[in-house]
Each structure stands twice: as structure tokens, then as C-alpha cells.
Amino acid sequence: MGGDEDVKVQQPNKYVQGLKDFGRFLYNSDDNTVFGRGGASWAKISFFYLIFYGCLAGFFAINMQVMMMTIDEDVPTITGRSNKPTVGINQKDLYIMDFKENEVWGKYKEAINAVKDEYKTYSASINADKC
């Protein structure tokens, strides 16, 4: 009955201890901190980012206003398929289409002529209204 008995001290689980430490980091009730910062520190950071993002938003608004002033409302900015020079293909033998073949192109010719006739009557009525 001697005092030579080994007493086993139970070690805490390292995962459980890690979760407890992380919870204490999220909110430490002893120091009244959130994420390791007090109320004054959070107020200073919030004020800084409010000013910072306010300046970014103002810069963006000014930038958009200046860019919108360069657009002419009477002239379209895109004319044609592309505004990029030298995009078109200049090889004449790349696309070979014979529009004289009536079996293939006859219905397309008729459709285009119908659209042209409709446009002519519409534009004639508008010109008559202006006079």
C-alpha cells in the first residue's frame, strides 16, 4: 500500500482542445474580444474601410462619367461586323458562290426582293408624310 503507484493523467484530446481554442478565438469572454480585436479596434478598421471603399466607388463613378461623355449619341460606335481593321478575309477563291443557279438561290432571291419591295413602300409612305 505504498505510494509507488503510477497515476495516469488523462491527456485532453488535441482535436477537442483545438476546437475549444478556436471558439475562444472567435469570442473571448474574458477579454471581450471578437477575432482577437476589441470594440475600438473594430471601429477603427470599419471606419478605414468605409472611407477606402467610398473613395473607390467615387473613383469608379467619375471614371464612368468621363467614359460616357466620350460616346456620341448620334453616331453608332460599331459599324459593320467589326471595328477591328484587317479582320476581313481578302482571298477571293475561299468562298465560291454561283448565284446564277436558280434551284439553289431562287427562293433567297424572291425573299430578298419581297423585303426590298416592302421597304420601298414603307419608305415611300414616310417620305409622303414628311411633305
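Modeller: Start with Tyr 53, which is partly exposed at a relative accessible area of 49%. Here, buried means under 20% relative accessible area, exposed means over 50%, and partly exposed lies in between (1.4 Å probe, protein chains only). This is a predicted model, so local features need pLDDT of at least 70 and side-chain atom pairs count only at pLDDT 80 or more, while totals for chains, interfaces and linings use all residues. Residues are numbered from 1 along each chain as its sequence is written, and side-chain values use heavy atoms, with hydrogens and water left out.

Now the rings. Rings of Phe, Tyr and Trp (its six-membered ring) pair if their centres lie within 6.5 Å; planes under 30 degrees apart are stacked, over 60 edge-to-face, and the rest tilted. That rule gives eight aromatic pairs. One of them joins Phe 48 and Phe 52: their ring centres are 6.0 Å apart and their planes meet at 15°, so this pair is stacked. Both residues sit in helix 2 (residues 39-69), four residues apart, about one turn of the helix. Helices are DSSP runs (H or I, at least four residues), numbered from the N terminus. Phe 48 is partly exposed, at 47% relative accessibility. Phe 52 is partly exposed at 37%.

Next come Tyr 49 and Tyr 53. Their ring centres are 6.0 Å apart and their planes lie at 25°, so they are stacked. About one helical turn separates Tyr 49 from Tyr 53, because they are four residues apart in helix 2. Tyr 49 has a relative accessible area of 40%, so it is partly exposed.

Finally, one aromatic cluster is formed by Phe 22, Phe 25, Phe 35 and Trp 42.

Key: Helices (H or I, at least four residues) and strands (E, at least two) are DSSP runs, numbered from the N terminus.
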